[in-house]
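Please work through the following exercises on helix packing and chain contact with the model at hand. Each task is followed by a solution in steps.

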Amino acid sequence: MSVIQTESLTKRYPRVTALDRLTVDIGPGVTGLVGANGAGKSTLIKILLGLAPASDGTATVLGRNAAHEGGAIREQVGYMPEHDCLPPDVSATEFVVHMARMSGLPRTSARERTADTLRHVGLYEERYRPMGGYSTGMKQRVKLAQALVHDPKLVLLDEPTNGLDPAGRDEMLGLIRRIHAEFGISVLVTSHLLGELERISDHVVVIDGGKLLRAQSIAGFTEATASLAVEVTDSDTHPDGTRALLDALAARGLTATAGTGHIVHIDAPEPAPAAGPGPEAAQEAVQDVVHDAVRDVVADLGLGLIRMEQRRHRIAEVFQDGREEVRS
Amino acid sequence: MTAPPAPDARIHDIGYRRYEGERLGAMYARCSLFVHSLRGAYGLGRSARSKMLPIGLFVIMCAPAVVMVAVVMTTGRDELPIEYTAYGVFMQPIFGLYLALAAPQMVSLDLRYKTIPLYFSRPIERGDYVIAKFASLTASLFLFVGIPLLISYVGSLLAKLDFADQTTAFARGLVATAVFAVLHAAIGLLIASMTPRRGFGVAAIISVLTIPYFAVISLMVVADEQGSPDAVGWIGLFSPGSLLEGFQAKFLGGELEFPGDQMLTNAAGAAYVVVIAAIIALCYFLLTRRYRKAG
């Protein structure tokens, strides 16, 4: 079942085309929406909430048409805007209770849900103080809480890590992951930082200039290009350990390249067609073969094996490739 | 050696709880916004600093009523020094200050702190927001004038003034107050919704309330002295304060304090009603149009 579906969705403003025939199908889970500033992310969110009409095409959220059933969609969807949206002289509790009631929760439920939600996002004693004195991290938590307080089926988070320091960023990303893993709420999260989405998303949708560049699962993005990084020591018999390892691996028919220092990168070979029942099993079988080969070769050469780790290509690289493909 | 913790001696994380209860929809949300804004207009649910001015003004607003009651009780007069219908106009400066404070509090802050998108990402529509805020400001202004009236009424009854007289006068006073509140809410809200800056809103509302009023009064004096007392009533159409003064005098039996002390003609009276209604309708229309884009 898809959570968000768009069909050649187009949004034209007098001077720019913000969305250009965008067709995506987003399922449950955490989905990262990646794009540079002005790529059309915020426009897409506005249309999904039924707040702006599309120039062309259709958008469906939770099975409802965004153009006609905006009210019904907004009852089941939470939205965390990118910008500041908190009045400074109100306490977090007071504010989130108000927002819960604006979503239709009766007074007592609104109070209970507010207390629950603020605890889940990690706001404790400070929730009774006016929000003007909050740090950016605390403000982001309140913004997230108001999007979750009415127990939506889907939350749209616009740049939730904006302005946070690295520790705050990590905590926010952990929270977002929990929204799906523990709360069972689907998430659409936008960012222009690819590295963070890679860590928390099940799927990534990349848009640029209002056009769809790629829509793929994270596994698809990274595993296809997985390689193995091996770091070895030198020994008396082999003063240049890396060189020896490279040669020995080449002799076994594995493609390997020298990295920085004593590191060797080994590309995973194409899985044999008959290797296993499914692509994942085939991938694993291949990895086992490579791991065994490295172990044997290093043992034969008498080198010290410092570490051996699966290295995934960053989405950033894939994204860059994607851009070039489209541009060229 | 420490004893192992008792199995039930720790706080359990009960985890995420789903909300299975009812969702009350747009009408309920509108009411919630109404109540929230009304509380906000008196600083309730906000910081102590935000409470100070509205509550202070409200106390000042009530003071004459209390004094009036005290005077009537001690001197044994048989009527209140200020009529119910005229109370709002009499306290115009305080009322104007309160409006200039409450209207920006109600809408400019939502614009300034960009809270509006949070409202519109919920079931209510843009029109609902305008209705709720308008109703809320009207109610807060009505209470601002209505409660001193109530104090006077209760006090006058305690002082054993004539019950029937006082009750009719009080009822008329409430009608005048209602019209007073709706008209001022419409004007104040429209001005406040134009700017996210609270200071601008305050200044603009005070100007719109006072400058035309004093201009109108000066023109009236001139017209009266130049021997065209009929024109005095018509000039009164051009400021909110004089409009309401004329309205209450003509239709609710209040006193007219215009220069020349001549009662409005019937035609002028009708024009007063039409202009008041037109201003309210126009402001409301412009507000709706303003919020089609805002946020």
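Predicted model: local features only at pLDDT ≥ 70, side-chain atom pairs only at ≥ 80, totals over all residues.

Residues are numbered from 1 along each chain as its sequence is written, chains are lettered from A and ligands numbered from 1 in the order in which they are written, and side-chain values use heavy atoms, with hydrogens and water left out.

**Exercise 1.** Determine how α5(A) and α6(A) are oriented to each other.

Step 1. Two packed helices are described by the angle between their axes and the distance between the axes. Helices are DSSP runs (H or I, at least four residues), numbered from the N terminus. Axes are lines fitted to C-alpha atoms over the stretch in contact, with angles from 0 to 180 degrees between N-to-C directions.

Step 2. In chain A, the axes of α5 (residues 136-148) and α6 (residues 166-181) come within 11 Å and cross at roughly 10°.

Step 3. Angles under 35 degrees count as roughly parallel, over 145 as roughly antiparallel, 65 to 115 as roughly perpendicular and the rest as oblique. The two helices α5(A) and α6(A) are therefore roughly parallel.

Step 4. Contact means heavy atoms within 4.5 Å. From α5(A), A:Q140, A:R141, A:L144 and A:L148 meet A:E171, A:M172, A:L175 and A:I179 of α6(A).

**Exercise 2.** Classify the crossing of α3(A) and α1(B).

Step 1. The axes of α3 (residues 92-102) of chain A and α1 (residues 25-41) of chain B come within 8 Å, crossing at roughly 150°.

Step 2. That angle makes α3(A) roughly antiparallel to α1(B).

Step 3. On the α3(A) side are A:E94, A:H98, A:R101 and A:M102; they meet B:Y28, B:A29, B:S32, B:L33, B:H36 and B:R39 in α1(B).

**Exercise 3.** Describe the contact between chain B and chain A.

Step 1. Chain B contributes 33 residues and chain A 43 residues.

Step 2. Buried area is the accessible area (1.4 Å probe) that two parts lose on being put together, summed over both. Between the two chains about 3,600 Å² is buried, 51% of it from carbon and sulfur atoms.

Step 3. In chain B, the residues losing the most area to chain A are B:Y16, B:R23 and B:R122, together 22% of what that side buries.

**Exercise 4.** State how chain A is divided into domains.

Step 1. By an automatic or database domain assignment, chain A has domain 1 (4-221) and domain 2 (224-312).

Step 2. The C-alpha centres of these domains of chain A lie 42 Å apart.
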